[in-house]
Amino acid sequence: MRLAPRLAAMSAPIFLVAACSGGSASPSASLIASPSETPLSSEAATSTPVAPSQDVGDGAVVVTFRVADAEEYRILLTDPEDIATAERLLAGEEAPSIPNGMIVRGGDGGVNTGYSWHIDPESLEFAEVTTEVCDGRPSYVEDRTLTGEWFCPWSAEVVEIEPAG
């Protein structure tokens, strides 16, 4: 199992813990992390990002994710590797499946229509494992139940990819 590079670079320690029963380790493991963990940048740790315009580059796409079979949100993808990963996931192929990115609050949400936030496309990466503190539903970001700067919904599924523009 590999941790996403940005996740591994966070300043708070992360511990991989396997539950034990009768002296044998459980096959499933979970991550436990401090709720105060932040990216390495002290500037990012002390301020909430403000919504910049979401510039759409050549080849950019908008990916729609469904979370917990209930809510949807959209992310602008500009990186060819991220786009390829999203396409593999839409096709039902194996790939790191957790979209992990920095929340940009304020404004109209850009491509994330219906919300007042979006994910910074430059920060997005697909991960196999993330900490629980960034897991949740899009509505948790909107109503600020999820208070961190990163959003990584574990149950997110790619349901649509369309050209940006």
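This is a predicted model: local features need pLDDT of at least 70, side-chain atom pairs count only at pLDDT 80 or more; totals for chains, interfaces and linings use all residues.

User: How many disulfides turn up in the whole structure?

Analyst: A search of the whole structure gives one disulfide, formed by Cys134 and Cys152, whose sulfur atoms are 1.7 Å apart. The link of Cys134 and Cys152 is right-handed, with 90° about the S-S bond.

User: And where in the chain are Cys134 and Cys152?

Analyst: The pair links distant parts of the chain, 18 residues apart. Cys134 is in the loop between strand E7 (125-127) and helix H4 (138-142), while Cys152 is in the loop between strand E8 (150-151) and strand E9 (157-163).

User: OK, salt bridges now. How many does the search find?

Analyst: The search of the whole structure finds two salt bridges. In one of them the side chains of Glu72 and Arg66 meet, at 2.6 Å from N to O. Glu72 is partly exposed at 27% relative accessibility, and Arg66 is partly exposed with a relative accessible area of 33%.

User: Which residues make the bridge with an N to O distance of 3.7 Å?

Analyst: That salt bridge is between the side chains of Arg137 and Glu71. Arg137 lies in the loop between E7 and H4 and Glu71 lies in strand E4, so the pair ties together parts that are 66 residues apart in sequence.

User: What about the accessibility of Arg137 and Glu71?

Analyst: Arg137 is partly exposed, its relative accessible area being 28%, whereas Glu71 is buried, with a relative accessible area of 15%.

User: Switching topic: which residue has a positive phi of about 55°?

Analyst: That is Ala68, which has this positive phi although it is not a glycine. Most residues other than glycine have a negative phi. Ala68 lies in the loop between strand E3 (61-67) and strand E4 (71-77), and it counts as partly exposed at 31% relative accessibility.

User: And what is phi like at Arg144?

Analyst: Phi of Arg144 is near 65°, again a positive value in a residue other than glycine. Arg144 is placed in the loop between H4 and E8, and with a relative accessible area of 48% it is partly exposed.

Key
Residues are numbered from 1 along each chain as its sequence is written. Side-chain values use heavy atoms; hydrogens and water are left out. A disulfide is a pair of cysteine sulfur atoms within 2.5 Å. Helices (H or I, at least four residues) and strands (E, at least two) are DSSP runs, numbered from the N terminus. Buried means under 20% relative accessible area, exposed over 50%, partly exposed in between (1.4 Å probe, protein chains only). A salt bridge is a side-chain nitrogen of Lys or Arg within 4 Å of a carboxyl oxygen of Asp or Glu.
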